[in-house]
Amino acid sequence: MEAEERVKELEPSDFSMPKRRTIRNWFRLLWRSKTGLVGFVIVSLVTLIAIFAPFLAPHDPLEIDAMNVHQPPFWLEGGSMTHALGTDHVGHDILSRIIYGARVSLIVGVFSVVLAGIIGVVVGLISGFYGGWVDSVLMRLVDSFLAVPNILFALVILGVFGPSVMTLIFVLGVTNWVQYARLVRGEVLSIKEQDYVRAARSIGVKNNKLMIQHLLPNVISSFIVISTLSVATTIILEASLSFLGLGIQPPTISWGTILSDGRDYIATSWWLATFPGIAITITVLGIIFLGDWLRDVLDPRIKQ
Amino acid sequence: MSEQKRPLLEVNGLTKIFDVSTGLFKKDEKYVHAVNDVSFYVEEGETFGIVGESGCGKTTTGNLVVQLLEKTEGTIVFDGVNLDELSVKELREKRKEFQMVFQDPFSSLNPRKRVFDIIAEPLRTHLKISKKDLEERVFDLIKTVGLHRSYAYRYPHEFSGGQRQRIGIARAIALRPKLVVCDEPVSALDVSIQSQILNLLKQLQEEMNLTFIFIAHGLPAVRYISDRVAVMYLGKIVECASKEDLFNNPKHPYTEGLLSSIPIPDPRKRKLENQRILEGDIPNAMNLPSGCHFHPRCPYATELCKEEAPAYEEIAEGHSVACHYPLSDGKGLIKYA
C-alpha cells in the first residue's frame, strides 16, 4: 500500500499547489493526532473555565462558611454536594477556589514563559550567531543570572515593586530566560555551520533575515518542548513565592496559593492540597501534549 | 568584446591562516596554513578545475573566492574589481555575480523551507520583482535543472541526493551569476547520478555562458568537465595547466602520482612499471615540511628539495609548476587523455 502511494506521489501529473494552512486544515491535523487532540481539549477546557469562572463556580471563592470548616469532599463521610470538593480551614469552597484560581495561574504560567522565551530566544540567537565578544558578554550575563538564586532575585524585585500579577510575570520571566538562551545558543552554534546557512550568506542575505528565516525555524522545536515543560515549573514557582508571601496576595487566588494554604493541613485535610495539585498536573499535561503536537506539525520532516 | 581580454577572476598570493591555538591565554600557539600563497586566474566561460587530496585547501580556496571566509592575505580581482575595495553593502550587491554549489546536498538546503522558497531566496534578496514574475522565474529555473514544476512545493527531505543537488544548482544560477564555484558537487552522489549532474553543469554553462571553478578530489570528474586544471598540495598550487597538458604531460611528481592512482578498468592496459603509487600520508598542515612540501613523499627528491622551496613558474606556455626538477615530456607514464 505504501509503495503504491509513493509511486502516486512521484507522478509528475500530481501538481499540487501550496497547501495553505487554513484553520480547517489545522483542525484536520489536530483531529489526526490523539495526543494533540487531548492536549487541545484540556487546554481549551481550562481556558474556558478560567474565562467563565463566575458562571461555573458554585460559590463565591471568598465566601466563608464558618459552620462547615474542613469539610471533606462529597464522597467521604461528612461531605456534601454543597461543597463538592470540601472546604478549607475557614470554610472556603475548594471547587470554587480552584475554578477562580485557574485565571491567575494560567496567566502567570503562560505569560511569564512567553516573556522568558522571547528574551531567551533573542539573546541565544544573537549570542550564537555573532559569537566572539558578543557571545562572551552575553554568556557571562547568563552565568551571573545563574549564580543568583531565583528566589533571592524574586524577593528583591517583589520587595521593591510590591507583589502583583504583573510583577510576578516579570520576575518569573526575567529569572527563567537563561535556560532558553543557553538552549538556543547551543542549537544555533551547530546550525550556523550548516551549508544552507552558508549558502544564504553567500547569496547576500542580511544577518537579521538569516537569523529569522534560517536559524529560528530550526531551533523552534527544542524551544517548544522546553517551554511547555517549564509552564509547569513556573506555576509551582509561583506557588512557592506565594508561600513566602511575595506571590499572589489574598484575596486574589491562584492554584499555588490554594496549594500552599493546604500544606499546613495535609495530615488532616488532604483534599486542600491535593485538588489544586491535580488541577496543575492536568493543565500542564495538556500544555505538554499540545506543545508536542505543535512541534511535530511545524516540522515538515515528520509525516503528518 | 574589449580588445584586451582580461580574466574574469584573478587571484594573487591568496593566503588563509587558521589560528588553532589552544589554552586560555594562547600559550600553545598553532596555525594552520590552509591556503598558502595561491595564485591563479579564470577566463570567462571556462571551467577551472582544482584537485587535490582531502585537506589540501581546495575547499578553503573556494570559500575565499566567494567571500565566505576572510582571507589573511592576497588579492581577489573579480571582473576587474578588487573585492577588498568594496564596502559591505557593495559586496553584498556583488555577491549575485558569484555563487556557490555546495558539496553536501543534504545540509545545503534548509529542511524547513519549500523548494520554491529555497530557489526564490536569491531572487527575493537581490531583485524587487512582482509575485508573478518571481513565480515564473522560479518555475523556469526548476525546469532548467531538470525537475518537474510540481516539486516546487515540496520539502527537501522528500528528494534524493541528485535531485537535491539540482535544487542547489538552481539556487546558484538563479541570479545568472558570472562565476559559479562548485565545491565537490558530485562527490556525495552515486556514480550513476554524478554524470547526470556533470552533464547538467556543462549544459548550463553553454546556455548561460557560465564560468566554473570546479573543485574535486576525483580526477575523472575534473577531466570530464574542466578546461584548465590546478593541482593543490598542502595549501599550494603545485601545477596548473590545460587539461590535455596536465593529463598527458604532468610536470610535477605529485601530479604524476595522482594520475597513476586512477584505476584502469582493463587489466591488460595496466603497466605496473609505469605506476608511481604515492607513499606515505599527507603531512600535518600545522607542521609543514621544510623546503618543498612534497619532498618527504617524492621519489625524485634531492637535498635541494629539502632545503629550498621551489618557485611556482611558468615553464611552458600555460603550464606552471612548482618543482626543482620538473618531469620531462612523457617520462614513463601511462597515457590518459
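**Exercise 1. Determine the strand order of the open sheet of 8 strands in chain B, and state which strands stand at its edges.**

Solution. The model is predicted; local features need pLDDT of at least 70, side-chain atom pairs count only at pLDDT 80 or more, and totals for chains, interfaces and linings use all residues. Residues are numbered from 1 along each chain as its sequence is written, while chains are lettered from A and ligands numbered from 1 in the order in which they are written.

Step 1. Strands (E, at least two residues) and helices (H or I, at least four) are DSSP runs, numbered from the N terminus. Two strands pair if DSSP finds at least two bridges between them.

Step 2. The order is β6-β7-β8-β3-β9-β10-β12-β11 (chain B), and the pairing is mixed.

Step 3. β6 and β11 (313–316) of chain B each have a single partner strand, so one side of each is left without a neighbour in the sheet. From one strand to the next, the twist averages 20°.

Step 4. Within this sheet, β9 (residues 228–233) and β10 (residues 236–242) of chain B pair in the antiparallel sense over 6 bridges. M232(B) has I237(B) in β10(B) as its bridge partner.

Step 5. Helix α5 (residues 161–173) of chain B packs on the sheet and touches β6 and β7 (179–183) of chain B. Contact here requires C-beta atoms, placed from the backbone, within 7 Å. The direction of this helix makes about 175° with that of β6(B); such angles run from 0 to 180 degrees between N-to-C directions, with axes fitted to C-alpha atoms, for helices over the stretch in contact.

**Exercise 2. Locate R176(B) and L234(B), and decide whether each is buried or exposed.**

Solution. Step 1. R176(B) has a positive phi of about 50° although it is not a glycine, and L234(B) likewise has a positive phi of about 50° without being a glycine.

Step 2. The loop between α5 and β7 of chain B holds R176(B). L234(B) is found in the loop between β9 and β10 of chain B.

Step 3. A residue is buried if 20 or more other C-beta atoms lie within 10 Å of its own, exposed if 12 or fewer, and partly exposed in between, with C-beta atoms placed from the backbone. R176(B) has 11 other C-beta atoms within 10 Å and is therefore exposed. L234(B) has 23 other C-beta atoms within 10 Å and is therefore buried.

**Exercise 3. Describe the open sheet of 4 strands in chain B and the helix that packs on it.**

Solution. Step 1. The order is β2-β1-β4-β5 (chain B), with antiparallel pairing. At the edges stand β2 (31–42) and β5 (81–82) of chain B, each with a single partner strand, so one side of each is left without a neighbour in the sheet.

Step 2. β4 (residues 73–78) of chain B and β5(B) pair over 2 bridges, and F78(B) stands opposite V81(B) in β5(B).

Step 3. Helix α1 (residues 58–65) of chain B packs on the sheet, touching β1 (9–19), β2 and β4 of chain B. Its direction makes about 115° with that of β1(B).

**Exercise 4. Characterise the packing of α5(A) against α6(A) and α8(A).**

Solution. Step 1. Two packed helices are described by the angle between their axes and the distance between the axes. α5(A) and α6 (residues 132–147) of chain A pack at an angle of about 140°, with axes 7 Å apart.

Step 2. The crossing of α5(A) and α6(A) is left-handed, whereas that of α5(A) and α8(A) is right-handed. A crossing is left-handed if the near helix is turned anticlockwise from the far one by less than a right angle, and right-handed if clockwise.

Step 3. V123(A), I126(A), S127(A) and Y130(A) of α5(A) meet G132(A), V134(A), D135(A), L138(A) and M139(A) of α6(A). This contact has 6 nonpolar, 2 polar and 1 charged residues. Ala, Val, Leu, Ile, Met, Phe, Trp, Tyr, Cys and Pro count as nonpolar, Asp, Glu, Lys and Arg as charged, and the others, Gly among them, as polar.

Step 4. The axes of α5(A) and α8 (residues 165–191) of chain A come within 5 Å and cross at roughly 35°. The contact of α5(A) with α8(A) divides into 22 nonpolar, 9 polar and 2 charged residues.

Terms used. Contact = placed C-beta atoms within 7 Å.
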